[in-house]
Amino acid sequence: MSLKGFHIVFIVFSTLLALGVGLWCVWVDLVEGAPVYLAGAIASFVTAVALVIYGVWFYRKMKRLRIIT
Amino acid sequence: MEIPYTVSNRPDTGLWNAKIGIWLFLASEVMLFGALFSAYIFLRIDAAPGTWPHGLLNVPVGTMNTAILIISSVTVVLAWAALKMRRYRAYWWYMLATITCGLIFLTVKLAYEWPQKFEHFGAYIKPDALAKYEKYLGNERRLEKGLEPRIEITGHLHSQNATEYEVALDPVNADPDDPAMDRPHFIPLPVTDKIATIEKADVQRATMFLPTHSAYFASYFTITGLHGLHVLGGVIVFIYMWLPVSKKLYQRNPEHLANRVEVSGLFWHFVDLVWIFVFPLFYLL
């Protein structure tokens, strides 16, 4: 596997982590009711969306530059 | 003598040599970290109720370090892409950003997170002396609520003599009956000024938050230490490839430098991927 392929795998795992952290924050907020965890959940879900957008952008850019063949 | 297959593919493998080498190396790394993660999981499953430390790490700092490593993976791949497009200046800046991220990660880990643990103290109380320290443990209320009993008193070690420890208590032991203390605090609360005197005869074992404290901290320091060494190794390689010596290689054979950056980038991604597993396992769960 090339670096670009591994990078896409890495971004997928990072996205899953961001979603996981978001769900964890929701769970802690439900248990403790601390607003800071809700803010963390929102930040995590926004990060997950940003990572998906970045992953798609990266794949298209590599393909356009013919670095992904 | 010219080293063969640094740029062109070997006819038998279909790949240039360093790429085969790095994947063989990463396969061995998977076995190394896989064994350590497995050990951690089995130790945790086997731990007696209430004995496994939880919520002792600083989640916001860990999250920041995770973000720094993800950003560094983006910058290293952009550095490699810049080389592929023969844009050396852009490569130089992206590589500098990657090195900076790696150094920030190590600095946070070694100058903040680890020392914070080294300053913290925990004393496991003998089962027959737990009642004596009930005002710091709050176990009667915990048992009524169906929560696991506390067996450790933590805080900053104020002083000690031949027979006693004096500990500035963590909030969890300073006010154990506060319902807010029933759950671990992932955003650490500061140590209180309430001092507890603990007799050494009542203590099963007492230590700072070092690897000797528990299987949890032994695993934490082993895995994050080994991971930190990998980050340091990656940063050293990146610094070499960022220095002017690499520009000479770029001018002579840009594809050769791009391949070097690719294999080191693969290593860096693996190291970052390990952290993606370390963070939830140690900090959150």
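Through how many residues does a hairpin join strand 2 of chain B to strand 3 of chain B? Three residues make the link. The model shown in these views is predicted.

**View 1. Strands 2 and 3 of chain B form an antiparallel pair.** Strand 2 covers residues 152–160 of chain B. Strand 3 of chain B covers residues 164–169. Five bridges hold the pairing between them. In one of these strands, strand 3, B:Val167 is the bridge partner of B:Leu157.

**View 2. Strand 3 of chain B also pairs with strand 4 of chain B.** Strand 4 spans residues 195–199, and the pairing is antiparallel over five bridges. B:Glu164 stands opposite B:Glu199 of strand 4.

**View 3. Strand 3 of chain B has a covered and an uncovered face.** B:Tyr165, B:Val167 and B:Leu169 make up the covered face. B:Glu164, B:Glu166 and B:Ala168 lie on the uncovered one. In a regular strand, side chains alternate between the two faces of the sheet.

**View 4. Helix 1 of chain B crosses helix 7 of chain B.** The helices comprise residues 17–46 and 215–242. Their axes come within 10 Å and cross at roughly 165 degrees. Helix 1 of chain B is therefore roughly antiparallel to helix 7 of chain B. The crossing is left-handed. Helix 1 of chain B contributes B:Leu36, B:Ala39, B:Tyr40 and B:Leu43 to the contact. Helix 7 of chain B contributes B:Ala215, B:Ser219, B:Thr222 and B:Ile223. Six of the contact residues are nonpolar, two are polar and none is charged.

**View 5. Chain A meets chain B.** Here 15 residues of chain A contact 19 residues of chain B. Helix 1 of chain A, residues 3–32, gives the most to the chain A side, with 12 residues. That side has 11 nonpolar, three polar and one charged residues.

How values were computed:
Residues are numbered from 1 along each chain as its sequence is written. Chains are lettered from A and ligands numbered from 1 in the order in which they are written. This is a predicted model: local features need pLDDT of at least 70, side-chain atom pairs count only at pLDDT 80 or more; totals for chains, interfaces and linings use all residues. Two residues are in contact if their C-beta atoms, placed from the backbone, lie within 7 Å. Helices (H or I, at least four residues) and strands (E, at least two) are DSSP runs, numbered from the N terminus. Ala, Val, Leu, Ile, Met, Phe, Trp, Tyr, Cys and Pro count as nonpolar, Asp, Glu, Lys and Arg as charged, and the others, Gly among them, as polar. A residue is buried if 20 or more other C-beta atoms lie within 10 Å of its own, exposed if 12 or fewer, and partly exposed in between; C-beta atoms are placed from the backbone. Two strands pair if DSSP finds at least two bridges between them. Axes are lines fitted to C-alpha atoms, for helices over the stretch in contact, and angles run from 0 to 180 degrees between N-to-C directions. Angles under 35 degrees count as roughly parallel, over 145 as roughly antiparallel, 65 to 115 as roughly perpendicular and the rest as oblique. A crossing is left-handed if the near helix is turned anticlockwise from the far one by less than a right angle, and right-handed if clockwise.
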